[in-house]
Amino acid sequence: MQHLRHRRTGSLLILASALAAATALAVAFDFPPRDIAVLVTVAAVASAVAGAVGGVALRRLRSRPARVQTMTVALSSVLVAATGVVTAALAMFISFHDLVVLFVVLIVASGVAFGAAWQLGDDIGAGAQQVGAYARTMVGSDGRISAALAPAVTGPGELAALAGELADVSRRLEESQRRERALESSRRELISWVSHDLRAPLATIRAMAEALDDGVVDDDAAVKRYHSQIRTDAERLTALVDDLFELSRINSGTLRLGREKVDLCDAVADAIAGAGAAAEVKGVAVIERLDTLPPIEVAARECCRALDNLFDNAIRHTPAGGTVVIAAAAEGGTAVLHIDDECGGIPDHDLPRVFDIAFRGDEARRRDDRGGGLGLAISRGLIEAHAGTVTAANTAQGCRFTVRLPAPDRR
């Protein structure tokens, strides 16, 4: 509705400007006021009638090809000019000889106008066909969207702009499809790994429980060992279920950081203390290089869990006798934490997927029965919930995981 109002306002302004220009021209050549009024009125009324006829014709032909519409516009313009000339002649403002001269000029100008209108209509029609072809070729035979398949559009600016919008939409759809395929692949891997991780401890628990019920094991040492293994597997299942629940909160967007806040320095110290026991058991040395960090408050449970997962990942994949270096420093108001391990590195083609759900990488990582492939994905989600980032890169002896947490005024 607003567009229609603007269009009508523009038409009235153009008409008013034309009448003012015609009146000014007549006054400049000393036409009598009465002649000016009669000439302008007669020409305006006659042209309005002719213009109305052309407008009705154009409205009825608006569903026709652009070439027909542009020819109709040109014809309407010629009809308006011819009507004005004839009415001026009838009002005795133009002699018969001058009228013939004007019609000769008008016919020649009409030919040029019709040719230009034909060419414009042809350009618009060709551009519309190109846009249609663009839209059809964006989707391949396999259903995948690719803007690279679409042809160039050489039509008018509006059609070229429309093609640009289609290209932008196709790029976004293509990226969305890529993410969807990656998520589907991750979902299948997750189901596969979780099924395996659930089946193995459940089978162990069931076998040992049946052995205890049937009395196959009767000496105290074996019974104690069986009970210990059942408890270990139950704790492993509990940890896996907790990871799945945390991951579902992150991916569904329902994650809410806890109200209990701690200083980042305290969270790092607690996480290092918790990782120390596992490192000692495996024979991995943990070296701390902690500088003063900016005063940043973080959610106690979520931040500690993210750091625990990162430290645990570094320790698990560092061989016995190796070293894990944890360094922290401030960089321009941002806290930066580096975790360097000696895992031997990650293949370059796997680095972008390190934080994907259920990713375990090479065989050495897949044999690690403690990792469900969820820890790093959870760490990334929890750190991003603090407006931070976590990245992974290869070093000379292993990998470096870098966590960056900005100060509150930089988030």
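How many of the 7 residues of strand 5 are buried? Keep that in mind as we set up the viewer.

**Before you start**

This is a predicted model, in which local features need pLDDT of at least 70 and side-chain atom pairs count only at pLDDT 80 or more, while totals for chains, interfaces and linings use all residues. Residues are numbered from 1 along each chain as its sequence is written, and side-chain values use heavy atoms, with hydrogens and water left out.

**Stop 1: strand 5**

Select residues 334-340, which form strand 5. Helices (H or I, at least four residues) and strands (E, at least two) are DSSP runs, numbered from the N terminus. Here is the answer to the opening question: 7 of the 7 residues of strand 5 are buried, so this strand is largely enclosed by the rest of the structure. Buried means under 20% relative accessible area, exposed means over 50%, and partly exposed lies in between, with a 1.4 Å probe and protein chains only.

In a regular strand the side chains alternate between the two faces of the sheet. Show the side chains of strand 5 and you will find Thr334, Val336, His338 and Asp340 on one side, with Ala335, Leu337 and Ile339 on the other, and both faces covered.

**Stop 2**

Now widen the selection to the open sheet of 5 strands, whose order is 2-4-5-7-6 with mixed pairing. Two strands pair if DSSP finds at least two bridges between them. At the edges are strand 2 (285-290) and strand 6 (389-394), each pairing on one side only. Neighbouring strands of this sheet are turned by 15° against each other on average, direction ignored; the axes are lines fitted to C-alpha atoms, for helices over the stretch in contact, and angles run from 0 to 180 degrees between N-to-C directions.

Step through the pairings one at a time:

- Strand 2 and strand 4 are parallel, with 6 bridges; Ala285 has Thr323 in strand 4 as its bridge partner.
- Strand 4 (residues 323-331) and strand 5 are antiparallel, with 7 bridges; Ala328 has Leu337 in strand 5 as its bridge partner.
- Strand 5 and strand 7 run antiparallel, joined by 7 bridges; Thr334 stands opposite Pro406 in strand 7.

Next, select Gly332. The hairpin of strand 4 and strand 5 has 2 residues between the strands, and Gly332 takes a positive phi near 60° there.

**Stop 3: Ile326**

Move to Ile326 in strand 4. Its bridge partner in strand 5 is Ile339. With 2% relative accessibility, Ile326 counts as buried.

**Stop 4: the cavity**

Rolling a probe the size of a water molecule over the atoms shows where empty space is left. A search of the whole structure finds 1 cavity of 30 Å³ or more. On a 1 Å grid over the protein atoms alone, a cavity is a set of points where a 1.4 Å probe fits but cannot get out, and lining residues have an atom within 4 Å of a point. The largest cavity holds about 70 Å³ of space, where a volume is the space filled by probe spheres set on the points, joined across faces, edges and corners.

To see its lining, select Leu264, Val268, Leu293, Leu307, Ala328, Ala335, Val336, Leu337, Val403 and Leu405. Helix 7 (264-282), strand 5 and strand 7 (399-406) each give two or more residues, and strand 5 gives the most, with 3. The lining divides into 10 nonpolar residues, no polar and no charged.

**Stop 5: a pair of rings**

Select Phe355 and Phe401, both buried. Their ring centres are 5.9 Å apart and their planes at 85°, so the pair is edge-to-face. Rings of Phe, Tyr and Trp (its six-membered ring) pair if their centres lie within 6.5 Å; planes under 30 degrees apart count as stacked, over 60 as edge-to-face and the rest as tilted. The pair links distant parts of the chain, 46 residues apart: Phe355 is in the loop between strand 5 and helix 9 (363-366), and Phe401 is in strand 7.

**Last stop: Ala387**

Finish in the loop between helix 10 (375-385) and strand 6, where Ala387 is found. Ala387 has a positive phi, near 65°, in a residue other than glycine. At 40% relative accessibility, Ala387 counts as partly exposed.

Conventions: On a 1 Å grid over the protein atoms alone, a cavity is a set of points where a 1.4 Å probe fits but cannot get out, and a pocket is an open set with protein on both sides within 12 Å along at least five of seven lines; lining residues have an atom within 4 Å of a point. Ala, Val, Leu, Ile, Met, Phe, Trp, Tyr, Cys and Pro count as nonpolar, Asp, Glu, Lys and Arg as charged, and the others, Gly among them, as polar.
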